[in-house]
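Please report on the structure shown here. Take the backbone, the chains and the contacts between them in turn.

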Amino acid sequence: MATSTLGFAVSEPAVGDRRWDALRRAARARLAPLGAAVLLAAVVVALAAPVLAPYDPLAQDLGNALARPGRAHWLGTDNVGRDVLSRVIWGTRVSLVAGFVSVAIAAAAGGLLGMLAGYAGGRADGVVMRLMDAVLSFPPLVLALALGAVLGAGLTGVLLALGVVYTPTFARLMRGQVLSVKTRDYVEAARALGASGWWIAGRHVLPNAATPIVVQASLSVAFAILAEASLSFLGLGIQPPAASWGSMINAGRGYLQQAPWIVFGPGAALFVTVVGLNFVGDAIRDGLDPRLRG
Amino acid sequence: MVTRRDFVKSCAGASGAAVVGLRPGTAAAADAPKKGGTLRVGFYIEAATMDPHLSGSKVDRQVYHNIYEPLVTLDTRLGIKPGLAESWSQPDPKTLVFKLRRGIKFHDGTDFNAEAAKFNFDRMKTEPKSIRKGEVANIDTVEVVDAATIKVNLKKADASLLATLTDRAGMMISPKVVQERAVELGRNAKGAGTGPFEFVEWVKDDHLLIKRNESYWNKQGGPYLERVRYRPIPDDTVKLQSLQSGEIDVIDYVQPRDVAAVKTDKNVMVLDVPSLADFAYQLNHARPPFNVKALRQAVAYAIDLEQIVKGVWLNVGYPANGPIPPTSWAYDKAIPPIKRDLAKVKARLAEGGKPGGFEFTMTTNNIPLSVQEAEVIQAQLREAGITMKIRLVDASTLISDGNAKNFEMISFQWSGRPDPDGNVYQFFKTTPGTSFNWSGISHPQLDALLDRSREVGAQAERKKIFSEVTKILQDELPMIFIVHPIEPKAFSQRVQGYEAIPDGMMRFKDVWLK
Amino acid sequence: MAEVVLRRLLATVPVLLLVTAGVFALLHLTPGDPVDAMMAESADASTKESLRRELGLDRPIAVQYAAWMGRLLRGDLGRSIRNGEPVLENVSRRIRPSVQLALLAMAISLTIAFPVAIASAVRHNTGVDRLGTTFALFGICMPNFLLALLLIFVFGVTLRWLPISGYLDPLEEGWSGLRSLILPAVTLGLALAAVITRTLRSSLLEALAEDYVRTARAKGLSEWVVIRGHVLKNALIPVVTVLGLQLGTLIGGAVITEYVFALPGVGRLVVDAVFARDYPLVQGVILLIALGFIVSNLLVDVLYGYIDPRLRRL
């Protein structure tokens, strides 16, 4: 979905007619369980990390550094002799937390702001949307970088930074929903009957807005995970010796020639997880409401 | 294929003199130097300015040592030998008299003489943006005795000054250039120096070009190269591969992790240059937990320096016993580096009131080697019952936190100076306000020794003083010293005649291309 | 139309104000300052103080911002603290590699996206289609730093076909220059190709279902003629939109790609400036990037509104 900074939503054209529609959904549906399986696997791995990981992810073995993948270490060891597989497993936690929490922050903050803008209208609307436009005009990585530098390195900083970067998307979405619901008959009726704004918000706006928000959130989680990896790759984000897939890839960059497994182990995990999440996101979108594609 | 021996032999042949430490007589077997060619050099960043008085960055110096010349210069053993000054004397501890070489001209044609020298010292002291002020702080006045003699009057005796003058503080810029275009000098150094090469052009973010000075005063040896072209390549892997693929001829540093592999590459010659640097961690004496000496010592005993140098630095460096590197005449090999001893850790912990261990945060730089070292130290401390948290910050924040003394243990990497004083004085002398004494150590006996080391002239006696200092440092621990890195430099096979000086500066006067 | 454009332009002013104020605030909240960074090997407090005074860093933040804004209104973006050169000069030096990279990436992405999308749409719901959509999905999911490293590993390290080192200007060095840009352009281009493939495929599918297409088919025209003649033109509209929006992002936002391939582009300029706390440079560049982004968005909106009359009323 592409949006211009001036609040003008440019939507992808809706898919063709019913026949193509149904067929497409069928094709997608086949992939959706695959995606769900990947996501489930990721969650299980994250939760069961202490049990699944063959070694302590922090245990160093300088004498056995840069060992090739083999029986003892399925994905080899890194530059201080730590087991790559164990670190990849533990890294799943970081990535999932980063993805879900940052999107949760963005959805909550964006949702509130969007509701405020949509409901209050006028001045407040203008201010909030200008603010959102400002955030969107920033190259996202630079914004996250700057925020990370201010908030201090570490997972919390990354979560907040990513939350800020993704907030405008949700704000815009929520505002759109509010605007469309605001003028509906039943809302007018409720207001005529004296219902307070909060009640209307809770009873009518929220349930209707929930769907597109959930759709957007499911799509955003995958990108948030990628973004966290990118930030860790640049050196912000997760603090050592904890492992995040992005920071592992960054640390392994200098050893690409001698020990490529340090990069491609976490790289593969990252890629597979993001693909799986995308499948799930697409399925949710198609399932919940195929109309909502913009 | 050029063997290591051939390479070193060619160095001896080109410089026209026996290189210290090599067997004389091998010079004859080397090829004769050829004139011509462009040497392509890759450094990790660009120079910042072409004005030595305003320069604060290490990379600048690399270019300076080819286009500018200091009054005195270093030999391979860090001894001081004549540069633009052909001799010097000290009639009394607070006076230095330099006899300057005659007949030397700057690249713009003006004469280098005593007036020019005085002009330079005055500028270093008075120019508002001069970064050399601290280095020449002990110089009171400079007098012109005659056209080729200057008298430098010092405020206090300072045995380390001569070594300081082998670098930027001793470099002579043409007064005419400064007077006519001082502001532009930072970007354009045409005509400004006296060195074997002269400045041609600098295209920012792209390259810096210098060319042979046809009227160079020193007729012995080079310069042979037609031109030298510097290119900034920030990424280490890219830089190395550019060398290996033949895109460039020289790089200033090979990462420890690449050294072993590069040494097997037949296209490339690696020279291990022991540096003057000392890499350490400063401990904050002003706040817990390291305001307690026993706890500082506990951490020092818990660290395994040998494992770090072997596992992290891959033996591209020496375990440190203090701030003075093995390349220095003041290095005392009778003082061993602190050895790991878990029993002593326990004892110190108990003495410091933390028998069950304690927790602290280490602030360090966000680059791979530093991160790796921090992780290894963290694991070593964990074994000893001490919990260390790692806080990664970027370079600017690191400096800022250090200056503000906002840390418990912080990484400190000093590139080093030719005189041991440069690795010692400003870090451990009691200094109120902002300084490099980040730990805040204030030890009267240490202060007295540091001052003595500057007053005393004889090297042997200074060496004894520095040994005393090192012993106190190992006890008081304002810093925990880790390693004196080796700076491996790599060249393509075609490069001949390079002479490595421990200050790490790449001087291309006698270098030629096959 | 012109009135709408003008109103939109005016509306961007508060946005830019917010952006610049935001950058200012963020920079000054970050620990560390440019003077410490520049004089890393010197602890000379007095020189540092005088340098700070000269740069105006000792004044309160609001005053500094006002001063910067004042200079800006006179057309002066200030000078980089690190190299003393005007911000505009710094940017214009770095713009060329970024633009060349962006254009090459776009060319590559279109070359890939078009055949894939057309094949997918025409052979809708066959194996070809699934291949196409899977490719598009993978392209979107692949983190670009991972793709960069993968390409480096295969083409640079293992096969040694292409340089992984820095930048040579194709306009000056010709083929060598192009070679130095291939890997980074492919990295960016593949991701972009994925997005375009999706967009183009969707719009093609929609256009293919239109009546006039059925008519053309009924007339016996070959599939290819149908597509080229009628469908493609209409299907291109959303693609143009996407491209336009991406161009702005590509130039200022290809930070990671520039980082990994050591290209002296605008993205890295900003990041390096942030790390060095080079305040004027960061502010100036971010302003320019934001401006560029807003302008390119505006152009796309105008173009879109012009082409598609359905949307003109908005």
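Leu314(B) sits in the loop that joins α9 (305–311) to β14 (317–319) of chain B. The model is a predicted one. Leu314(B) has a positive phi of about 50°, although it is not a glycine. Its relative accessible area is 41%, so Leu314(B) is partly exposed.

Leu78(B) also has a positive phi, near 65°, and is a residue other than glycine. The loop between β2 (72–74) and β3 (80–82) of chain B holds Leu78(B). With a relative accessible area of 4%, Leu78(B) is buried.

Most residues other than glycine have a negative phi, and most peptide bonds are trans. The peptide bond from Pro288(B) to Pro289(B) is cis, with omega near -5°. Pro289(B) belongs to the loop between β13 and α8 of chain B.

| Residue | Phi | Relative accessible area |
|---|---|---|
| Leu78(B) | near 65° | 4%, buried |
| Leu314(B) | about 50° | 41%, partly exposed |

## Chain B as a whole

Chain B has 15 helices and 20 strands. Its radius of gyration is 24 Å, close to the 24 Å that the globule rule gives for 514 residues, so chain B is as compact as a globular protein of that length. The C-alpha trace of chain B spans about 70 × 55 × 45 Å along its principal axes.

Of the 514 residues in chain B, 60% are buried. Take the contacts in chain B between residues at least 6 apart in sequence: 69% of them join residues at least 24 apart.

Buried residues of α8(B) include Arg296(B), Gln297(B) and Tyr301(B). Ala294(B), Leu295(B), Ala298(B), Val299(B), Ala300(B) and Ala302(B) are buried as well.

What do the buried residues of α8(B) pack against? Their partners in chain B are the strands β13 (278–283), β15 (359–365) and β18 (479–492), along with the helices α10 (342–351), α11 (368–383) and α15 (459–476).

Gln255(B) is in the loop between β11 (250–251) and α7 (256–263) of chain B. The relative accessibility of Gln255(B) is 14%, so Gln255(B) counts as buried. Residues up to four places away in sequence aside, Gln255(B) touches Asp236(B) and Leu369(B).

## Chain A and Asp78

Chain A has 10 helices and 2 strands. From the N terminus on, its elements run β-β-α-α-α-α-α-α-α-α-α-α. Buried residues make up 55% of the 294 residues in chain A. Among contacts in chain A between residues at least 6 apart in sequence, 70% join residues at least 24 apart.

Asp78(A) lies in the loop between α2 (49–52) and α3 (84–120) of chain A. Is Asp78(A) buried or exposed? Its relative accessible area is 6%, under the 20% cut-off, so Asp78(A) is buried.

The side chain of Asp78(A) reaches two backbone nitrogens: that of Val80(A) at 3.0 Å, and that of Arg82(A) at 2.8 Å. Leaving aside neighbours within four places in sequence, Asp78(A) is in contact with Ala65(A), Leu66(A), Val84(A), Arg87(A) and Ile262(A).

## Where chain C meets chain B

The contact takes 31 residues from chain C and 30 residues from chain B. The area buried between the two chains is about 2,700 Å². Carbon and sulfur atoms give 50% of that area.

There are 3 salt bridges between chain C and chain B. One of them joins the side chains of Lys129(B) and Glu54(C), at 3.6 Å from N to O. The interface also has 4 residue pairs in polar contact, both residues at pLDDT 80 or more.

On the side of chain C that touches chain B, α2 (34–38), α3 (45–55), α5 (87–122) and α13 (266–275) of chain C each supply at least two residues. The largest share, 6 residues, comes from α3(C). By type, this side of chain C divides into 14 nonpolar, 7 polar and 10 charged residues.

Note on methods. Residues numbered from 1 in each chain as written. Chains lettered and ligands numbered in written order. Heavy atoms only, no water. Helix = DSSP H or I, 4+ residues; strand = E, 2+ residues; numbered from the N terminus. Buried < 20%, exposed > 50% of the residue type's maximum accessible area, 1.4 Å probe, protein only. Polar contact = N/O pair within 3.5 Å; in protein donor to acceptor, adjacent residues only side chain to side chain. Contact = heavy atoms within 4.5 Å. Buried area = accessible area lost by both parts, 1.4 Å probe. Salt bridge = Lys/Arg side-chain N within 4 Å of Asp/Glu carboxyl O. Nonpolar A, V, L, I, M, F, W, Y, C, P; charged D, E, K, R; others polar. Rg over C-alpha atoms; globule rule 2.2 N^0.38 Å.
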